[in-house]
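Me: I have a model open and would like to talk it through with you. Could we take it topic by topic?

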Amino acid sequence: MRNTIDERGGDTARQLEGGPRMPVNLNGVPAPLDDADPHTNALDWLRSRGLTGAKEGCAEGECGACSVLVRRPSGNRSTWTAINACLIPALSLDGQDVVTSEGLGTPDDLHPVQQEMAVRGGSQCGYCTPGFVCSMAAEYYREDRHADPAPAAGDDGEHGPNGFDLHALSGNLCRCTGYRPIRDAAYALDSPAADDEFAARQAEPTPPAVATRVTAAGAEFVRPQSLGEAVKLLGETPDAQLVAGATDWGVSVNLMRARAPRLIAIDRLAELRGLTVGDQVVTIGAALTLSEIERGLDGRIPLLAKLFPQFASRLIRNGATLGGNLGTGSPIGDSPPVLLALEAEVVLTGQNGERAVPLADYFTGYRQSVRAADEIITALRVPLPLAPHTAFHKIAKRRFDDISSVAVAFAIDIEDGVVSRAAIGLGGVAATPLRARTTEAALVGAPWTAETVQTAARTLAAEGTPMADHRASSDYRRAMLATSLPKFFAQFEQEETAR
Amino acid sequence: MSNLSQRPANPVVGQAIPHEAASLHVTGRALYTDDLVQRTRDVLHAWPVQSPHAHAHVTGLRLDDALATPGVVRVLTADDVPGVNDAGVKHDEPLFPTEAMYVGHAICWVLAETLEAARAGAAAVEVDYAPLPALVTVREAIAAGSFQGAQPTLERGDIEAGFDSATMVFSGEFEFKGQEHFYLETHCALALVDENQQIFVQSSTQHPSETQEIVAHVLGLASHEVTVQCLRMGGGFGGKEMQPHGLAAIAALGATLTGRPVRLRLNRTLDMTMTGKRHGFHSDWRVAFDDDNRLVALDTTITADGGWSLDLSEPVLARALCHIENSYYIPNVRVNGRIAKSNKTSQTAFRGFGGPQGMAVIEDILGRCAPLLGIDAAELRHRNLYQKDQETPYGQPVEQADRLHRAWGQLTESGDLERRRAEIAEFNRTHSDRKRALAITPVKFGISFNLTAFNQGGALVLIYKDGSVLINHGGTEMGQGLHTKMLQVAATALGVPLSTVRLAPTRTDKVPNTSATAASSGADLNGGAVKNACEQLRERLATVASQHFGVHPSDVRIEAGRVSAIGSNADPLAWTDLVQRAYFQRVQLSAAGYYRTEGLHWDSAAMRGCPFKYFAHGVAATEVEVDGFTGAYRTRRVDIVHDVGDSLSPLVDIGQIEGGFVQGAGWLTLEELVWDESDRPTRGRLQTQAASTYKLPSFSEMPPDFRVALLEQAEEEGAVYGSKAVGEPPLMLAFSVREALRQAAAEFGRPGTSVPLAMPATPEAVFWAIEAARTGAFGDDLLVGETTLPPQPPADAPHMHPESERLAADAGV
Ligand SMILES: Cc1cc2nc3c(=O)[nH]c(=O)nc-3n(C[C@H](O)[C@H](O)[C@H](O)COP(=O)(O)OP(=O)(O)OC[C@H]3O[C@@H](n4cnc5c(N)ncnc54)[C@H](O)[C@@H]3O)c2cc1C
Ligand code: FES
Ligand code: FES
């Protein structure tokens with residue numbers, strides 16, 4: 001539930017209530033959060049403190065000019081993680097370590113990333129540069145980045161010989177350079193020096209999440225300590241807003257002036273952050289970020305591995321969660337088609353306890369679902385074994401970081417040349433994500449041949465009711481449904497021949 | 001070799017050095033206008049009340065609720081304007097309008113203690129509107145006969161005779177979209193009232209002098225009462241040439257009325273919905289080829305979609321006319337131009353300034369006609385390139401046409417085009433679902449403002465007693481590396497190390513009456529002026545040194561801060577010693593520099609003359625791969641050979657070429673301005689008004705294999721240290737991307753398939769192009785073998801008379 005409250009009063013009526021707030025450890029110096037209210041984003045807060053290195057280019061997570069580094073947990077160590085400061089509430093940083101471009105180095109003592117960017121012409125107007133520097137520094141410090149003088153073929157040049165993954169910069173836009181010098185700067189980076197203070201910090205765990213309750217400017221920000229407390233808080237206030245990565249919520253706050261009386265930060269709730277691979281099922285915590293899931297699964301679910309690089313950008317994936325992706329109920333979310341094809345279940349926890357719902361039954365209408373107002377999505381369950389043949393087709397204008405106009409996920413099993421199992425998830429072609437049931441039925445039991453595919457493709461083209469908008473015409477959307485199965489088939493054939 | 005172009009020994013120009021502010025950029029220390037707000041006390045924030053209608057009379061304005069909103073200090077309306085209620089030089093842009101002309105038009109502005117409060121206050125302003133019919137598309141405007149400004153015609157030869165002599169003729173229609181600048185830094189102004197009522201405005205502006213002028217006329221002040229400063233911009237691309245003025249004026253008005261500093265920053269949504277963009281164009285055309293596939297005639301009427309006010313549409317149109325033939329010789333030409341008046345943002349300058357739009361027409365024609373002529377598109381283009389000293393349709397000889405041929409040849413070699421074409425053919429033979437293609441396109445772009453008067457620049461160079469040098473010039477820095485080049489020019493001209501020279505922020509109280517930093521002319525004009533000032537100083541210092549060494553001043557050498565003399569055995573002097581001596585001898589250590597581009601003449605009424613100092617040339621080859629299932633594509637490799645003269649700063653120039661290319665590719669393939677053309681209440685609304693819906697090139701659009709070479713032996717006689725302007729021309733090299741996509745789509749059809757391709761060529765557009773190729777339908781907007789006459793202007797069509805030309809005429813110049 002979103003609620004645009006009367007904004008009159010604004011900052012002038014700010015009242016500082018609630019307990020003391022843990023300061024942020026900002027560039028190594030404690031910085032109090034006293035002047036932030038629940039709807040102040042981290043970027044505005046940083047800038048109000050005179051740290052104007054991080055810039056606002058869009059206020060919606062698209063440009064990365066606001067990128068800063070936060071030290072996030074990684075097992076019992078930690079990792080410098082680049083995030084969009086424009087999206088997250090400043091208050092959600094309480095007690096954490098934050099580094100901005102100003103904290104990485106100074107003009108007289110440039111950080112290695114800054115040095116490479118400067119000498120290689122990585123900045124022209126310089127407005128995007130502090131953000132690029134932070135995103136690049138995060139990848140510089142990634143502990144499993146290893147030099148690979150001959151990156152794998154078919155890699156499209158998206159990894160440097162130093163192991164740098166270009167996708168780390170997929171959420172940063174530059175209007176001036178054309179990117180080549182920025183790539184060259186990234187690929188020229190060495191490993192951090194032995195005495196690098198930032199690298200050393202990654203050996204330490206992050207400070208524990210602190211219970212927080214702040215009321216200011218007519219709204220409340222709460223960081224509950226347990227799932228039970230979160231469910232209770234949600235039940236109490238019908239218009240309360242759960243905030244996980246805030247990659248969706250933050251956009252609404254900035255662009256649509258969305259305001260909620262209560263924000264409940266669930267991003268660090270242990271109950272929502274498990275990842276277990278069992279014999280029967282893989283359970284994925286709803287508040288794990290997509291980056292964490294990607295690392296944690298390490299290719300264990302190939303269809304998800306195909307999804308991640310196409311989902312937003314690294315910056316966004318460092319915040320975005322599956323709970324949030326389902327929580328928005330958007331018909332163009334990218335995880336639902338994939339999770340539908342994986343025949344996943346959604347685990348919901350409310351005041352009346354826990355229940356599991358097949359994702360196929362979860363959505364009931366445009367941005368509507370079976371989730372009760374007091375329920376929190378706690379996990380996703382993916383049943384095993386997985387279908388062996390999968391694909392995720394995302395149709396969008398831009399390859400990196402764009403919203404789908406159509407998304408199709410396939411999970412198919414073929415035994416003795418006959419389709420034995422088929423699950424197809426669709427996004428962007430109806431008011432909700434949906435399973436292409438008629439097409440699945442047409443496939444199962446049929447021989448896996450070009451003829452079958454051709455007939456089934458026509459069936460698939462008739463599923464859903466695609467609309468026209470600024471992203472794509474309805475004709476194109478329908479055409480993309482029609483070509484997705486033949487494309488999948490062609491890829492399948494190619495892989496078989498290669499094998 | 002001219003004095004202007006000659007380089008001394010071991011010059012600092014030509015060295016590949018990083019951007020002058022790079023270490024500030026990377027550490028977040030570089031300040032932009034909005035960063036200054038934190039350093040200013042008691043700032044008020046401004047927020048507009050925007051029209052929800054594309055066209056409506058404003059019949060009532062009630063401010064009570066807004067003024068009662070906590071934090072709101074004042075609402076600015078037309079009644080508050082002491083001077084002229086207008087934001088432009090054409091006096092057709094009321095600052096506070098009584099008629100809303102587009103969705104997003106600012107009706108009035110709220111000032112408040114916080115941004116939150118200003119927004120809340122703006123929401124509380126009640127405006128009554130009486131909606132009027134709105135023209136949203138260029139076609140609607142054409143149908144309604146809604147035009148503004150001049151309707152020039154550029155003509156050469158005998159058009160009818162050309163068509164009569166032709167072997168093959170075609171005609172068609174082509175409409176293409178504009179482009180949002182999307183400078184990463186949105187518009188921003190911070191105004192305050194200084195000592196003795198001096199108005200001080202910090203503005204993200206490419207044209208401080210004009211910002212100053214408009215602020216002064218809105219406030220009813222003289223120019224000397226207003227100072228405008230621009231530290232740097234986070235990108236401009238033409239979008240900050242005209243558009244900052246009104247915003248700066250609002251901030252300045254607020255500051256004078258409240259006595260407090262006023263910050264006006266457009267957030268991205270405001271910026272995209274309020275400010276002008278690259279013009280979309282419409283063109284009706286017919287073209288004729290001879291039996292050798294040479295162009296013999298082009299007859300076209302092009303209509304720029306100007307939006308609600310004139311802004312820079314006339315000069316943009318003039319440049320489109322002057323670039324319609326790109327690099328191709330066409331003996332018989334008629335181009336009619338006109339500017340549609342529509343209910344959209346007022347479209348404005350954007351890198352290339354009409355040049356890209358003009359070239360789009362001919363490149364589209366060649367791309368579509370080549371298969372129908374049965375000739376390879378690259379061969380068709382090559383065959384029609386200008387030969388040395390052939391004249392453009394407006395009568396300027398293309399003196400360096402050989403450079404086009406040289407660049408083409410160099411690229412063919414270095415790009416290994418022959419081998420790659422064979423590889424591509426093999427790939428296409430063995431792949432039915434994916435196709436590749438390689439296209440090569442040239443650029444010839446005229447350098448100088450079309451309007452002669454703008455081709456002047458000024459500088460002020462100061463040497464302090466300790467030997468340090470401070471330079472001021474009229475140009476602004478927006479990432480193009482102008483300041484870097486100016487430091488190099490000054491260090492070269494004075495003979496000192498780069499570290500001796502520092503650059504002061506661009507301010508109107510240092511150098512007056514400057515031209516916009518635009519038309520790629522920044523380095524030419526300001527470089528000429530800086531060089532001129534430095535040479536005056538150097539000459540004075542040489543005289544001082546000559547006395548010391550007992551030689552003639554012309555025998556004094558100043559190099560890398562060491563002063564010596566030919567034919568003298570005396571120890572060299574240090575630069576600082578020389579400066580000290582000069583000071584004690586009471587020699588003036590500051591100089592004002594000035595430069596005007598010689599040899600230009602232009603009759604804008606007749607559209608004839610030599611408006612350009614020279615042309616910049618370049619050639620690009622792009623290879624793409626297209627997916628037949630979806631229309632999605634990848635740029636595989638780009639090779640460019642570009643003519644920057646003798647580069648002042650190679651790292652900067654290569655950056656401009658690469659950045660311009662990718663920005664051009666964005667316009668041609670990805671970036672899509674979608675306006676609501678329906679009859680819903682949201683008619684006229686920009687639907688792609690955010691970064692999430694208006695997609696800029698990102699890393700995925702960077703050519704993974706990107707090879708840029710500067711044309712060798714390219715010294716330019718008529719420009720500072722032999723260099724050439726570089727800001728705009730490379731953008732147009734990106735036509736090679738669109739043409740490669742067209743050719744790749746054609747590979748899905750039978751050989752000789754002509755393919756219509758929408759612009760921008762998004763994956764969807766490419767998909768439809770593939771579908772068309774598969775069916776062989778080359779588009780019902782193309783007529784083969786017959787022609788239709790493009791609409792001709794009425795006999796009384798208004799001529800081109802740029803405002804300042806009229807002023808010049810009045811002044812008897
Ligand atoms: C630049 C950008 C690019 C994007 N690209 C993509 C993309 O490619 N594909 C795509 O699918 N999405 C994309 N998104 C949307 C967004 O990132 C995703 O929807 C993301 O998964 C949201 O997760 P979050 O944790 O940030 O959600 P939040 O913003 O924290 O929350 C979103 C909503 O879900 C609710 N919610 C959050 N967690 C839970 C929970 N556990 N239980 C119940 N409700 C919950 C919240 O109350 C809120 O209403 C993009 C967003 C941005 C800004
Ligand atoms: S400001 Fe653009 S991503 Fe945050
Ligand atoms: S350097 Fe200008 S946006 Fe990147």
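Me: How far apart do the C-alpha centres of domain 1 of chain B and domain 3 of chain B lie?

Reply: Bearing in mind that this is a predicted model, the C-alpha centres of those two domains of chain B, domain 1 and domain 3, are 39 Å apart. In the domain assignment, domain 1 of chain B covers 22-29 + 456-596, domain 3 covers 397-446 + 604-779, and domain 2 takes 133-384 + 780-813.

Me: And how many residues of domain 1 of chain B are in contact with domain 3 of chain B?

Reply: On the domain 1 side of chain B there are 14 residues, and they are in contact with 14 residues of domain 3 of chain B. Among the elements of domain 1 that touch domain 3, α14 (482-494) and α15 (522-549) of chain B each supply at least two residues. By class, that side of domain 1 of chain B consists of two nonpolar, nine polar and three charged residues.

Me: Zooming out, what radius of gyration does chain B have?

Reply: Chain B has 27 Å, which agrees with a compact globule, because a globule with 813 residues would have a radius of gyration near 28 Å. The C-alpha trace of chain B spans about 85 × 80 × 55 Å along its principal axes, and buried residues account for 63% of the 813 residues.

Me: How many helices and strands are there in chain B?

Reply: Chain B contains 20 helices and 30 strands. As for contacts in chain B, of those between residues at least 6 apart in sequence, 80% join residues at least 24 apart.

Me: New topic: how many residues does each chain bring to the contact between A and B?

Reply: Chain A brings 72 residues to the contact and chain B brings 68 residues. On the side of chain A that touches chain B, at least two residues come from each of α2 (101-104), α3 (112-119), α4 (129-140), α5 (180-187) and α16 (474-498) of chain A.

Me: Which of those gives the most?

Reply: That is α16(A), with seven residues on the side of chain A that touches chain B. Taken by class, the residues on that side of chain A are 31 nonpolar, 24 polar and 17 charged.

Me: Now the ligand: which residues are the closest to ligand 1?

Reply: The closest are A:Gly61, A:Gly245, A:Gly323, A:Gly324 and A:Gly327, out of 34 residues that surround ligand 1.

Me: How do β12 and β13 of chain A run, parallel or antiparallel?

Reply: Strand β12 (residues 345-350) and strand β13 (residues 353-358) of chain A run antiparallel and are joined by six bridges. A hairpin connects β12(A) to β13(A) through two residues, and A:Thr349 has A:Glu354 in β13(A) as its bridge partner.

Me: What about B:Asp389 and its phi?

Reply: B:Asp389 is not a glycine, yet has a positive phi of about 70 degrees, and its place is in the loop between α11 (377-384) and α12 (401-414) of chain B. B:Asp389 counts as exposed, because there are 11 other C-beta atoms within 10 Å and the cut-off for exposed is 12 or fewer.

Me: And B:Asp416, where is that one?

Reply: B:Asp416 lies in the loop between α12 and α13 (417-430) of chain B, and has a positive phi of about 55 degrees although it is not a glycine. With 14 C-beta neighbours inside 10 Å, B:Asp416 counts as partly exposed.

Conventions. Residues numbered from 1 in each chain as written. Chains lettered and ligands numbered in written order. Predicted model: local features only at pLDDT ≥ 70, side-chain atom pairs only at ≥ 80, totals over all residues. Contact = placed C-beta atoms within 7 Å. Helix = DSSP H or I, 4+ residues; strand = E, 2+ residues; numbered from the N terminus. Nonpolar A, V, L, I, M, F, W, Y, C, P; charged D, E, K, R; others polar. Rg over C-alpha atoms; globule rule 2.2 N^0.38 Å. Buried ≥ 20, exposed ≤ 12 C-beta atoms within 10 Å, placed from the backbone. Pairing = 2+ DSSP bridges. Near = placed C-beta within 6 Å. Domains from an automatic or database assignment.
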